[in-house]
Amino acid sequence: MQWEKFGTDVAKEAADVILTDDNFATIETAVEEGRRIYDNILKVIQFLLSSNIGEVVVLFLAVMLTPVFADWFGISDVSSLTPLLAVHILWVNLVTDSLPALALAVDPEEPDIMNRPPRKNSKGMFTAGMVYRIVYQGIMIGILTLLAFIVGLSSTSGMPEAERIKIAQTMSFAVLAFSELVHVFNIRNNAKSVFKTGIFNNSKLLLATGVSCVLVLSILFIPFLRDIFSIAVLPKENIFEVIVLVISPLVIVEILKLLKINTLKNEK
């Protein structure tokens with residue numbers, strides 16, 4: 001009996017997989033769960049990095065184009081000509097992005113998850129396709145945010161300079177925050193349309209997105225929070241422009257998915 005126990009212990013140490021319930025179907029369940037967890041890790045990384053790159057892009061472009069903007073829009077206080085304040089960036093990073101990212105971690109598995117070939121051990125997370133999506137989606141968010149700033153400055157030409165900048169910054173903040181909340185649904189599947197993969201099959205993501213929306217709206221509409229975050233009351237025409245820019249990431253990525261260029265040809 002002791003030799004049997006010894007042999008069993010040695011077999012366990014030498015084995016790659018150990019079944020504790022004598023049911024080979026457990027292997028399939030474990031593989032499926034492992035693939036779901038791995039997919040969700042990639043989704044979280046893609047969402048957070050593309051969002052952060054968007055913030056870097058808008059600030060970098062704004063710094064490079066500050067003299068141009070000052071000349072175009074007749075702004076004399078060049079030092080205040082920035083699309084986002086530090087408090088705006090902190091809020092987006094710590095509050096707006098964090099809740100949807102956590103909810104992505106529990107996204108359900110895709111229907112064809114077990115039809116894929118095994119992933120090579122040498123294949124890392126940052127594949128060419130992953131890097132491509134992070135970069136172009138980050139640039140997309142950054143440019144849309146900068147466009148909001150430009151629209152805010154150009155549509156308020158008759159107002160005092162400080163008020164014009166404040167409205168433009170408010171538009172930039174709203175577009176950055178809400179476009180990332182829209183963009184999180186693009187991340188759930190890189191090949192299929194969001195309308196085919198299902199919008200309502202992750203209740204935690206819907207809840208997280210809803211809570212984040214309420215938190216951003218509270219800054220935009222509650223007076224004492226507006227003062228803390230230096231937020232202006234947007235004119236009605238600017239609200240429509242913000243809405244168009246906010247839904248643009250969904251439209252752009254959906255078009256790229258339709259054209260089959262959201263993923264690279266060699267991706268599995």
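**Figure 1. An aromatic cluster in the predicted model.** Phe69, Trp72, Phe73 and Phe149 form one aromatic cluster in this predicted model. Across the whole structure, a search finds six aromatic pairs.

**Figure 2. The pair of Phe69 and Phe149.** The ring centres of Phe69 and Phe149 lie 6.3 Å apart, and their planes meet at 55°, so this pair is tilted. It links distant parts of the chain. Phe69 sits in helix α2 (residues 25-73), Phe149 in helix α5, and 80 residues separate them. Both Phe69 and Phe149 are buried.

**Figure 3. The pair of Tyr132 and Tyr136.** Tyr132 and Tyr136 also make a tilted aromatic pair. The distance is 5.2 Å centre to centre, with 40° between the planes. Both residues belong to helix α5. They are four residues apart, about one turn of the helix. Tyr132 is partly exposed, at 28% relative accessible area. Tyr136, at 15% relative accessibility, counts as buried, because the cut-off for buried is under 20%.

**Figure 4. Helix α5 packed against helix α6.** Helix α5 spans residues 128-154 and helix α6 residues 161-187. Their axes are 8 Å apart and form an angle of about 150°. That makes α5 roughly antiparallel to α6, since angles over 145 degrees count as such. The crossing of the two helices is right-handed.

**Figure 5. Residues at the contact of α5 and α6.** From α5, the contact includes Met140, Ile141, Leu144 and Phe149. From α6, Ile165, Met171, Val175 and Leu176 are among the contributors. By class, the contact has 13 nonpolar, seven polar and two charged residues.

Terms used. Residues are numbered from 1 along each chain as its sequence is written. This is a predicted model: local features need pLDDT of at least 70, side-chain atom pairs count only at pLDDT 80 or more; totals for chains, interfaces and linings use all residues. Side-chain values use heavy atoms; hydrogens and water are left out. Axes are lines fitted to C-alpha atoms, for helices over the stretch in contact, and angles run from 0 to 180 degrees between N-to-C directions. Angles under 35 degrees count as roughly parallel, over 145 as roughly antiparallel, 65 to 115 as roughly perpendicular and the rest as oblique. A crossing is left-handed if the near helix is turned anticlockwise from the far one by less than a right angle, and right-handed if clockwise. Contact means heavy atoms within 4.5 Å. Ala, Val, Leu, Ile, Met, Phe, Trp, Tyr, Cys and Pro count as nonpolar, Asp, Glu, Lys and Arg as charged, and the others, Gly among them, as polar. Rings of Phe, Tyr and Trp (its six-membered ring) pair if their centres lie within 6.5 Å; planes under 30 degrees apart count as stacked, over 60 as edge-to-face and the rest as tilted. Buried means under 20% relative accessible area, exposed over 50%, partly exposed in between (1.4 Å probe, protein chains only).
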